[in-house]
Each structure stands twice: as structure tokens, then as C-alpha cells.
Amino acid sequence: MNRRQTIICSGLSAAFLLLVFAFFNFIYPYHIHYQEQMQMFRFGADYFRESIAVPGGLGDWAGGFLVQFFYYAPAGALIISILLGLMQLLTWKNMEKGSFAAYPLSFLPPAAMFLFLCDENALITAAVAIIASLALSMALMKIRKAGIRSIIAILLMPAMYMLFGSISILVPAVMAVRAFLRKENMKVAAAFAFAALMMAAELPLIAREYSPYPLDRLYFGVHYHRYHNAIPMLAWISVLLVPAAVAIAPLFRKDRMAALSLAVAILPAACLAPTFTDMDKERLFGYDFMARMGQWNKILATSDRHAPDSPIAVECTNLALAKTGHLASDMFAFFQNGPAGLLPEFTRDHFSPVPTGTVYYHLGMVNTAQTFFFEAQEGIPDFQKSARLSQALAKTNLINGDYEVARKYVNALKQTLFYRKWAKDTEKLLDNPGQINSVPEYAWMRSVRMKEHDIMFSQEELDSMLGLLYVENDTNTMAMDYLLAWCLLRKDLPRFFECHQLLKTGYDARHYQEAVVLYWALTHDGPEGMPDFISRKTAASFTKFITALQSGRNEASMQKEFGNTYWFYYHYRFK
Amino acid sequence: MMKRLAYILMSILMLGSCYRFDPAEARYTDGPIWPDYMDVTVPVGIAPLNFCYTAEDGPVPVTTFIHGETSISIKGREVVWKDKEWKKLLKAAKGGDITVRSSVLPDEWTIHVSEDGIDYGINYRLIAPGYEVYSKMGIYERDLSSYKERALIENTQFDGCVNCHAYNRGNPADYSLHIRGAHGATLLNIEGEMAAYNTKTDSTLGFCVYPYWHPEGEYIAYSSNNTRQGFHVLPDKLIEVFDLDSDLQVYDIRSNSLITSASIKKKDVWETFPAFSADGKTLYFCAATPRPIPSETDQIRYNLCSVDFDPATGAIGSQIDTLIFAEGMGKSVSFPKPSYDGRFLVYTLSDYGNFSIWHHEADLWIMDLATGESRPMSLANSGDTESYHSWSSNSRWMMFSSRRDDGLYTRLFFTHIDENGQEAKPFMLPQKHPLHYYNYLNRSYNVPEFVTGPVDLDRVKAEKLINSPERIQFGIR
């Protein structure tokens with residue numbers, strides 16, 4: 001390549017890096033946070049030994065090491081872009097007689113890996129394994145004598161399989177392709193390819209004897225995807241694209257073929273990108289992240305921009321409304337999907353219980369929050385622990401006075417990078433429990449949590465539990481807001497009216513007025529005796545709503561004018 | 001930022017380094033050492049009882065172990081034995097005492113070395129002490145003479161949960177292992193042959209759980225339980241596990257059929273936790289009168305009952321005897337375990353229900369089967385939960401689970417039971433670096449059972465059997 005071509009190629013690589021960084025940092029940042037909270041990377045010999053005991057363990061350990069930096073989305077985006085950049089560079093370095101026109105082909109494997117990493121449960125271990133394999137094959141190809149090189153490669157295969165998993169088959173695969181392209185001794189090359197294939201087929205069978213994993217996982221990789229029954233197809237396509245790119249590179253000798261190779265490398269990924277990105281999930285992860293960080297106004301701004309349309313989005317919006325004191329006045333300005341949008345039922349997965357647990361935590365139902373956090377952590381499909389959830393569990397145990405259990409989580413968090421300081425500060429509190437109430441969050445939680453009424457959690461009796469929280473501590477107005485919202489969303493107006501009378505302040509909030517007026521209209525012949533906190537504006541608006549309803553206006557028209565009222569919800573939603 | 005970088009670098013450098021005891025980790029006890037191995041009774045074959053001092057500072061202790069002419073001193077805040085020295089000392093002290101003196105403690109203590117041997121090892125399930133969802137778990141085997149632990153089967157191999165496992169008096173050749181979930185099955189290994197069974201029949205309540213082998217090895221008693229969980233909202237309690245219904249049945253291995261009887265399958269009684277007597281002629285179990293759930297969950301009380309069993313015919317008697325009327329005491333019995341010599345029966349007593357592991361008040365009690373008298377095992381019990389327990393094959397050692405250290409994570413303890421049924425102060429399952437090990441172990445020991453030798457469980461075959469849809473159906477007799 002001449003200087004100009006070198007500059008163009010460098011520019012292409014730099015543009016690729018920038019593109020990947022920009023995508024993950026600006027479009028997909030909450031996927032980065034999601035990845036971080038699905039693991040707890042611990043510094044220490046025990047964790048290291050546990051990790052490397054499984055085929056592919058070193059790759060998994062290294063992947064975990066990198067993912068801990070996903071605590072900050074820009075760091076995560078940078079790490080992913082560097083990994084993909086390295087994949088591209090090493091693919092290029094492994095090309096025999098790489099030409100200017102062939103250079104774009106080196107983007108094929110990282111482009112497939114990019115699509116793979118758009119899946120929130122794809123693990124970067126696969127990228128680490130590809131990079132390690134490409135680095136090794138590049139180093140081995142520097143050995144000139146094909147026989148010696150082949151023997152070393154075969155001998156290294158078990159170690160590579162153990163360290164980086166089945167993707168390490170890439171080492172002999174790339175070496176074999178390069179040997180054929182070099183037109184070395186064909187007999188040696190064929191024997192090497194055959195021996196490598198035999199070895200690749202045999203290694204998982206041997207590993208099965210000491211690794212408690214099904215054979216398909218030992219063949220397709222234990223740590224490349226969070227779900228053990230998912231075959232990481234895109235990761236393997238990325239793997240296959242390396243020898244394919246190396247093999248076809250010599251066909252692209254003439255400079256004018258650069259445009260073709262660029263199209264081959266970029267177009268499929270560009271066309272497929274929308275299929276592999278999931279912005280609905282990104283929004284969900286965003287809601288969870290914002291709820292975790294207490295970014296209530298940001299949640300509401302997000303819901304303003306994009307109407308919440310999933311239980312998690314609705315429950316986080318309602319939590320944000322409650323935390324900012326607007327649940328009673330603005331909740332019907334947002335889409336509501338019934339009581340499930342306030343406090344969804346527990347589902348056995350590793351994500352949806354987390355925001356729900358966060359809601360219970362803020363309500364003061366510490367045991368219930370603990371259940372949801374614990375179950376979410378246990379539900380992580382690849383059996384990892386979560387630093388974020390361990391931190392939440394340390395808090396709930398600390399609040400409950402279970403100091404030794406809290407210390408167990410704190411001990412583990414002390415071995416992490418980004419939770420270490422918090423863990424050390426918390427350890428001081430555990431050493432001096434008298435100091436716990438000096439932390440406002442804990443003091444508040446201890447004051448609002450249930451202390452007297454021992455009942456079993458029941459989704460059907462949430463109203464009773466919320467009521468008891470308020471009865472035990474009437475400063476817990478959020479519990480009362482939720483109780484009233486629960487009644488409204490269930491359209492249980494008699495219960496709402498009964499509970500509403502317990503309110504000492506804030507009883508005249510907009511939606512409460514709307515519900516009282518509605519209840520009054522349903523149970524009385526006229527407005528005489530209606531509570532005097534009902535404003536004239538509400539009464540007039542209700543009259544207008546009833547008139548419009550009776551005139552037979554369609555739902556869309558009603559929504560336009562009354563969509564932010566409880567009356568609209570009562571008549572048109574959650575049927 | 002620089003501090004973080006330095007932390008990363010230091011930590012990476014330490015990856016390959018050996019474990020170092022950190023006295024700041026010491027917790028769990030107000031006592032001077034942990035685990036508390038003062039004045040305990042141990043078997044000759046046990047792995048070294050390493051321990052640490054709980055004081056973070058002060059002079060470095062020198063601990064001296066003396067028996068006869070032999071005196072071994074170990075310096076350090078963590079006392080770590082050389083395996084050979086420990087074994088030699090125990091062998092020499094068999095039937096006698098080892099005196100222990102510490103340079104930093106005013107009083108000496110003893111370790112009594114029993115003449116009674118202990119079995120080869122133990123099997124247990126390791127699982128996080130959680131609610132409904134489970135992460136990695138499995139059945140593991142520990143050689144009691146060393147710190148070696150190996151996985152027999154783990155749920156990394158299939159979708160599901162490994163559950164009730166039982167051996168015939170610790171015989172590793174015969175076992176029953178239950179798997180729940182999508183690939184639910186009961187693996188029975190009889191005389192080296194493993195097969196997967198469907199234990200649910202049209203005539204029984206559900207899958208067969210809580211297995212207990214008949215001493216002659218021809219029957220296994222099971223219960224079938226319709227189990228549910230509830231979660232408390234108050235901090236003192238977390239979980240309540242209860243049955244909505246339960247029955248007993250006996251599996252006849254030779255005819256592959258379940259034997260049922262009206263006496264242990266009453267509609268107005270919940271029967272559970274079956275256990276055969278040492279002579280195989282009596283079936284012990286717990287029985288309760290059903291109560292509305294959840295309103296009267298705390299009123300469910302199980303009594304200890306028994307019924308005759310004829311090993312020749314498999315006939316189950318019609319007369320139910322109540323051995324302990326726990327209901328009258330306002331208490332509830334679970335996990336009746338008769339000793340294999342027929343002298344005693346140990347059970348767990350809690351305030352209500354049958355899932356005593358979640359009851360802080362649960363304690364072990366021992367009944368003299370000759371007199372019918374019961375007493376709490378005060379030396380074994382603690383202020384927190386004691387629950388599942390099992391006898392060694394010679395009936396001289398009892399292993400039990402306890403949450404005495406942190407109130408949540410279950411750990412294993414061993415107590416010697418003499419010929420009069422008197423327990424000794426228990427000792428905790430030894431680990432090479434116990435404080436570090438238990439600090440970072442995020443799973444509980446569950447259903448611990450003695451085994452007289454290594455269990456030959458072909459993991460690959462078990463995985464194939466579990467993942468295959470093929471099941472041998474239990475019949476009904």
C-alpha cells in the first residue's frame with residue numbers, strides 16, 4: 001500500500017472505532033449498564049481460580065474484568081470499540097499479502113461481532129477469545145518451519161480451549177488457511193488441518209469428564225452468551241468470517257476492487273443493524289437505570305418524549321411521579337395499564353423484578369424488596385452474581401438489622417472496583433450499628449418499613465399492606481399515594497373513597513378530586529353534600545366529560561380532550 | 001483514579017499469590033477463636049481443625065497442642081495444621097484428650113479424640129438460601145479426612161434443581177436423587193444401575209420426595225407434598241414454607257410399585273418426613289391436622305407418629321401411634337431420624353410448620369426409643385436455627401445444619417453421641433481457611449447425609465438420563 005492508501009485505511013479503522021463508540025455511548029448506553037449489573041467481577045485469587053476452572057475461563061475472567069468498567073457507559077463504549085478495532089486489526093495482520101482492496105474485508109468479523117454485541121445477553125468473552133486466538137495465530141505464523149509451527153499449534157490447542165473456549169479453533173483454522181495460501185508443503189498443511197479438526201472434536205468430549213456442562217455448550221462455548229441454551233450464532237459467524245476474509249483477501253488485488261470489498265464488509269452489517277438493535281429494550285434498561293440512580297425528572301422527561309408502553313416503563317414512571325409528589329395529580333397524564341403498572345407481579349427472570357423491587361424499597365417494604373432483588377440475582381442465567389443487586393441486598397439486610405448477612409455482601413463488594421468504597425463505608429456502619437441512622441436513606445427506611453404487622457406478602461392484598469405501612473407511619477405518604485393509586489387503577493372507588501378519608505393533607509390532588517366526583521356521581525342523585533375540596537374547575541370539567549360521553553363522541557376524540565383524567569381511564573382503559 | 005489503577009495493578013499481581021489470613025475478616029463470634037473448637041469431641045479421621053483468633057491486634061499468638069510427650073506449636077493468628085502432623089497427633093490421642101494452650105489466652109482447652117470412627121464423607125446440596133429462583137446448585141461430596149470437595153451433579157448440566165437425595169445407611173451404591181423442573185425425574189441407583197423414574201402416579205398426590213431407605217434396601221419410603229412458600233413482610237422472619245396437602249407411600253424396589261395405605265394417606269391429616277426404624281418394622285413420620293392457609297399457618301403443628309411396617313409383605317399397619325404430641329406443647333416436629341442402632345430418635349422441634357430451617361427457634365431434640373423420653377440436645381443447640389440432621393452409619397456421630405453464625409447461611413456441625421444418647425459440644429465442618437471460606441461461600445449446606453465411601457455417580461450418564469424424556473413409571477400396588 002502506498003502512503004495515501006495507508007491513510008485511507010487508517011481513516012477507515014478510525015471511523016469504525018468512532019462509529020462503534022458513538023453507537024454504544026449515545027444510542028445504546030443503557031445496554032452497557034445492563035451488562036455491568038449482570039456480574040460482579042472480584043479481584044482476588046479465589047474468584048480467578050473459580051473462573052478459570054471452566055473451559056474458556058480465562059476469556060470469561062478477562063471479559064468480566066472489562067465489563068466492570070461498563071459502570072460508566074462511555075468507558076463501556078470505548079472498551080467495545082477498542083475490542084472490535086483490535087479484531088479488525090488482527091484480522092488484517094493475519095491476511096497473507098493484504099492489499100489496499102482487501103483491507104475492508106478485515107471489517108467483516110468485527111461487524112458481525114458488533115451485531116452480536118447488540119444482544120444484551122451476548123458476552124464480550126467471545127470477542128476476547130477471537131482477539132486472543134488471532135494474536136496467537138499471528139505469532140505462530142512467524143515460525144517459518146511449517147512442521148514445527150503445526151506441532152506447537154496442536155500442542156497449544158488444549159490450553160487455548162481451556163483458557164478461551166471453543167472459539168480458539170480459530171487458531172488452527174486461520175493458520176491452515178494461511179499455510180495453504182502460502183503454498184507451503186501441502187501434505188504438512190493437510191495433516192495439520194486434519195489433526196486440528198480431530199483435536200477440536202475431541203477436546204469438548206474430554207472436557208465433559210471434568211466440567212459439568214452439556215456437550216453442546218462445550219462445543220459452542222460456555223461463556224459466550226448469558227443463556228446457556230442459546231447458541232451464539234453471530235459470534236460464530238464472526239469467527240467463521242475471519243478465515244473466510246483471510247481466504248478471499250488475495251482475490252482483491254486490484255485497487256479498483258476496494259469499493260466492492262468495502263460494500264461486502266459494510267453493507268450486510270449496515271442493513272442488518274436495525275434488525276439486531278432493540279430500542280424498546282434500551283428504553284426499558286434506561287428506565288431501570290434512572291430509577292436506580294433516582295433520576296426522577298429524567299424518567300418523567302423520557303416518558304413525556306415517548307409514552308411508556310410496557311409494565312416496567314409505566315411502573316418506573318409512576319415511581320418517579322410518586323417520588324416527585326405528582327402521582328396524585330399527574331399519573332393519568334401518562335398511559336396506565338392497570339394495577340400491574342403500579343406494582344407488577346413477580347416474574348421469574350433476572351431483570352423485571354429489579355425495578356419492582358426498587359419500588360417496594362422506596363415504599364418501605366424492605367423484605368419484599370429484598371425478595372425481588374435476591375430472586376433477580378439468582379435468576380441471572382449464567383449463574384453470575386450482580387454487584388448492583390448485592391449492594392441492594394446489603395442495604396436491605398442492614399436496614400433489617402441482619403448485620404452479618406449484610407457483611408457477607410459487603411465482603412464480596414470490597415473486592416470490586418467501583419463498589420469498594422461504598423462497601424468500606426458500609427462496613428464501618430456494620431461495625432458501629434449505632435451510626436446507621438446517621439445515613440438519611442437508612443434512617444428514613446427504618447422509620448417507614450413495616451414493624452408491627454406480621455403478614456405474608458400477597459399480590460392480591462397489596463392494598464392492605466400499603467394501608468398498614470401508612471397506619472404504622474403516617475409520614476409515609478408514598479404508601480398512601482400508592483394505596484389510592486392502586487384503588488383507582490383497579491377502579492375500586494368504594495375502597496378509594498374509604499382510604500381517601502384517612503388523608504390529612506394532599507386530599508385535594510387533581511386525580512383524587514376526579515375520583516371523588518366520579519364516585520359521587522355513581523352513588524348519589526345530585527351534587528348536594530359533595531366534599532367541599534372539589535374545585536369548581538373539576539366539577540365543570542366532569543360535567544363536560546359526561547356531556548361529551550353521552551353525545552357519543554369516539555374514543556380518540558375523548559382522549560384528546562380528557563386523556564389525562566381519571567374519568568377517561570375509568571371508561572376506556574383496563575377493561 | 002490513580003488509587004483505582006493502583007488497586008487494579010496490586011490485585012492482578014496478587015492473583016497468583018497464596019492466601020493470606022486477614023484478621024479484619026474475623027466475625028461471627030464474641031469468643032476468642034473461630035470456629036469454636038474449644039472442648040469439642042472429634043473422630044480420629046477428621047481433617048485438621050484449623051481456626052483463627054478473632055482479635056485483630058495484640059501479640060501474635062502461639063498455640064500449643066499437647067498430648068503425652070508430643071507438643072506441637074503453631075504461631076500465627078490463623079492456626080493451620082500440616083495434615084500429617086494433625087493425623088499423627090489424633091491417632092496418638094485416640095480415646096484421650098489433646099490439651100491446647102495459647103500464648104494470648106488465659107485458659108487452656110481440650111480436644112477430645114473419640115474412639116468412635118466417623119464415615120468416609122458427607123454429601124450435601126449447596127444452594128443459595130433464597131426464595132423460588134435458584135442459581136448454580138448441586139449435590140457435592142466432601143471427604144471428611146481432607147478438605148476435598150467434588151461435585152456429583154450440578155444444574156449446569158440441565159434445566160432444573162437437584163433436590164432430595166438419600167442413601168441407604170450411607171451406602172454410596174444405593175441412592176435416590178430427585179430432580180425438579182422441566183426435566184423432573186427421580187434417579188435411582190440400585191446396586192450400580194442408574195435409571196430415571198417418574199414417581200408421580202394417578203393414585204398419589206404428586207412426585208415422591210423426602211426419601212428414606214428401608215434398612216434391608218428393598219423399600220424406600222417417600223412422601224408427596226403439595227408445597228408452597230410465603231414471604232413475611234416483617235424483618236425477623238423471611239420465608240414460610242408449608243404444605244397444602246401431603247401423603248406417604250412406600251416404594252417396593254423389586255416390583256417397581258408404590259405401596260399405599262389409608263392409614264398414611266388420610267384426607268384430614270398431612271403426613272410427611274417418613275423414616276424407617278432400625279429394624280425396619282416401624283415407619284416414623286410427622287402428621288398434622290390441616291389448617292387454613294395463610295390465616296392459620298402459625299397454628300399448623302406436626303406430631304411424631306409411627307405405624308407398623310411388615311418388610312416381608314410390604315404391608316402398612318392400620319393403627320397410628322402418636323409418639324410425641326407436639327401440638328399439646330404448642331410445638332411442631334420435623335425430620336425424625338432414628339439412629340441405626342435402634343436406640344434413639346433425633347428430631348427438630350419448632351414453633352409451627354415443618355420447614356424448620358426458616359425458624360430461628362428450631363432446635364434438635366433426642367428421644368430415647370426405649371423409654372420414650374425426649375430432651376433438647378442442649379450442647380448441640382444454639383440461639384439460632386438447628387434443623388436437618390443425619391446419623392453416621394455407626395450411630396455415634398450426628399451431623400446437623402445450623403444457622404448460628406449469621407442467621408441465614410446454613411453450615412454443618414458434628415456432634416458425638418455416646419451410648420447413653422449424650423451429645424458432645426459440636427464442631428463445625430473443618431475448612432483449610434475456615435474464616436475466609438465461609439465468609440465468601442454464598443450458598444447454604446442443605447440435606448447433609450453421611451456416606452461410607454465415595455459415591456460413584458456417572459455424571460455424564462446422569463445428564464443423559466435427565467435430559468432424555470424417557471422415564472420408568474412407578475406402578476401402584
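Mentor: Two residues are in contact if their C-beta atoms, placed from the backbone, lie within 7 Å. This is a predicted model, in which local features need pLDDT of at least 70, side-chain atom pairs count only at pLDDT 80 or more, and totals for chains, interfaces and linings use all residues. Residues are numbered from 1 along each chain as its sequence is written, and chains are lettered from A in the order in which they are written.

Trainee: Which residues of α25(A) meet α26(A)?

Mentor: Helices are DSSP runs (H or I, at least four residues), numbered from the N terminus. From α25(A), A:L483, A:L484, A:C487 and A:L488 meet A:R495, A:F496, A:C499 and A:H500 of α26(A). Six of the residues in this contact are nonpolar, one is polar and one is charged; Ala, Val, Leu, Ile, Met, Phe, Trp, Tyr, Cys and Pro count as nonpolar, Asp, Glu, Lys and Arg as charged, and the others, Gly among them, as polar.

Trainee: At what angle do helix α25 and helix α26 of chain A pack?

Mentor: Axes are lines fitted to C-alpha atoms, for helices over the stretch in contact, and angles run from 0 to 180 degrees between N-to-C directions. Helix α25 (residues 477-490) and helix α26 (residues 493-500) of chain A pack at about 160 degrees, their axes 8 Å apart. α25(A) and α26(A) are therefore roughly antiparallel (angles over 145 degrees).

Trainee: How many residues of chain A are in contact with chain B?

Mentor: On chain A 38 residues are in contact with 41 residues of chain B. The largest share of the chain A side, seven residues, comes from α19(A). By class, that side has 19 nonpolar, eight polar and 11 charged residues.

Conventions
Helices (H or I, at least four residues) and strands (E, at least two) are DSSP runs, numbered from the N terminus. Angles under 35 degrees count as roughly parallel, over 145 as roughly antiparallel, 65 to 115 as roughly perpendicular and the rest as oblique.
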